[in-house]
Amino acid sequence: MSSATGCSNQTQIAKLTVEGKEFELPVVVGTENERAIDITQLRKNAGYITLDDGYMNTGSTTSAITYLDGEEGTLRYRGYAIEDIAEHCDFVETSYLLIYGKLPTANELNDFRESIRRHTMIHEDMRSFYNGFPRDAHPMAILSSVVGALSTFYQDSLDPHDARQVQISIHRLLAKLPTIAAYSYKKSIGQPFNYPKNDLSYCENFLRLMFAVPTEEYDPDPDFVNALNLLLIVHADHEQNCSTSTVRMVGSSNANLFASISAGICALWGPLHGGANEACVNMLKQIADDGCNVQKYVDMAKDKKSNFRLMGFGHRVYKSYDPRATIIKKACDKLLGRLHLTDPLFDVAKKLEEVALKDPYFVERKLYPNVDFYSGVIYRAMGLPVQMFTVLFAIGRLPGWIAHWVEMHQSAATKIGRPRQVYTGANLRPLIPMKDRT
Ligand code: SDX
């Protein structure tokens, strides 16, 4: 039994009574009044650990990067509302904000852009990696492999405690990830790789790397450039999600930034996490091919025996509408309207949302569309293949992963991540000789 006592202008404490003894535990109050019971001394003082599968109730750290309120559907990067950032900033500016903690001045942003532009090429020897992958290799597998291999080419910038080395690694990663991603796409369709161009913006360069062919000029469509900027911004960070926690965990061992980001890419790939955008579009296609029988799939999602979930629906933290889904859905409408395009999957998605949000099963569990529900509609309109959707999520999330990795190394409280467990296996028993084993 525990209770939080004390008023806000004093150090608050929680009291835990166990086996007749009372223990006082400090309460940590965040800048948005989130409260946490600090258990760092619990095992030493009370001989107990806590247990929390999936960390549903456990904070792994304090952080000043992103604030979200799952009940209110609020998301802020360094205190700025996601809606304002999406409206007024571009992705490189947002990356600067997340990583360095402030909105850049015009000069700071220009220097940042220029530095990133000058690191967009990858070592020519890295291009030969792609010859070794099968043509149907999933681009997320290629992305994590090639990003991890960056540490073999840049052995001069691996020390996580050398500020200069960390800075050059940050710029190299931000610059090269789109190139590495685009090359995985070109490999899959047997087209030649393009070189980046320094007179293009971040998103223009990526679209050109992806879609330009040597036989003709390529001018990135401004509507696609704007839509891509928006998508990358809303994916840029989301506090201690699965892949960011992975980056922090790997980085806590003093592994270099490239290795930590490579691990984050692997975690993001899972269909319960970033892989949901690919799984969602495949689900929408299945529903569209099945006569748009939306109710059938809503009923399947409610039937535990079906093992079917509405991909792009539900969230560990958001128990209201994911503010990113709102922004993306609006961008879908705008892009398809401007391009005079219709996408049956967008219609299916809107119908599915309408039916699900009236169904008590979803209402009671507070399951709403999340960031992955509508993003695939925009990616499709841009001509991206489904397998590249999670790769786009990774490009967007990169500045967030970097920001958390840097914040972790800058924190005096950081230790190597090493959770405890409650052992539930066999008690001590004698070894059975081979002749007696069955
Ligand atoms: C991302 O953490 C982040 O911030 C992640 C992310 C980010 O920006 O980094 O926001 C990105 O990963 C978004 C989520 C993408 N994943 C999906 O869209 C996959 C489908 N959604 C789920 O599998 C699920 O909602 C999770 C994984 C997202 C969250 O799962 P939780 O918090 O562990 O919730 P749960 O599995 O315990 O579900 C609670 C209940 C269960 O039913 P009951 O046991 O109470 O009867 O809700 C049900 C679940 O069966 N449920 C769903 C459902 N999601 C949850 N039922 C049908 N369809 C769904 N999508």
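Quick housekeeping. This is a predicted model, where local features need pLDDT of at least 70 and side-chain atom pairs count only at pLDDT 80 or more, while totals for chains, interfaces and linings use all residues. Residues are numbered from 1 along each chain as its sequence is written, and side-chain values use heavy atoms, with hydrogens and water left out.

Lys 304 puts a side-chain N or O atom 2.9 Å from a ligand oxygen, and Tyr 361 has a polar side-chain atom 3.0 Å from a ligand nitrogen. On its own the ligand has 1000 Å² of accessible area, and the protein covers 79% of that (Shrake-Rupley, 1.4 Å probe; for residues, only the protein chains shown count as cover). Around the ligand there are 24 residues, and His 238, Arg 309, His 315, Arg 324 and Arg 397 come nearest (near here is a heavy atom within 4 Å). By class, that shell has 10 nonpolar, seven polar and seven charged residues. Nonpolar is Ala, Val, Leu, Ile, Met, Phe, Trp, Tyr, Cys and Pro; charged is Asp, Glu, Lys and Arg; the others, Gly among them, are polar.

On a 1 Å grid over the protein atoms alone, a cavity is a set of points where a 1.4 Å probe fits but can't get out; a pocket is an open set with protein on both sides within 12 Å along at least five of seven lines, and lining residues have an atom within 4 Å of a point. Points join across faces, edges and corners, and volume is the space filled by probe spheres set on them.

The second largest pocket is about 550 Å³. It has 16 lining residues, with Ala 86, Leu 230, Ile 327, Ala 331 and Lys 334 closest to its centre. Helix α15 gives the largest share of that lining, eight residues (helices are DSSP runs of H or I, at least four residues; strands are E, at least two; numbered from the N terminus). The classes there are seven nonpolar, three polar and six charged.

As for cavities, we count one of 30 Å³ or more. The largest cavity holds about 50 Å³, and its lining includes Ser 157, Asp 159 and Trp 405. Both α8 (163-189) and α12 (257-269) supply at least two of its lining residues.

Methods. A polar contact is a pair of N or O atoms within 3.5 Å; within protein, one must be able to donate a hydrogen and the other to accept it, and residues adjacent in sequence count only if both atoms are side-chain atoms.
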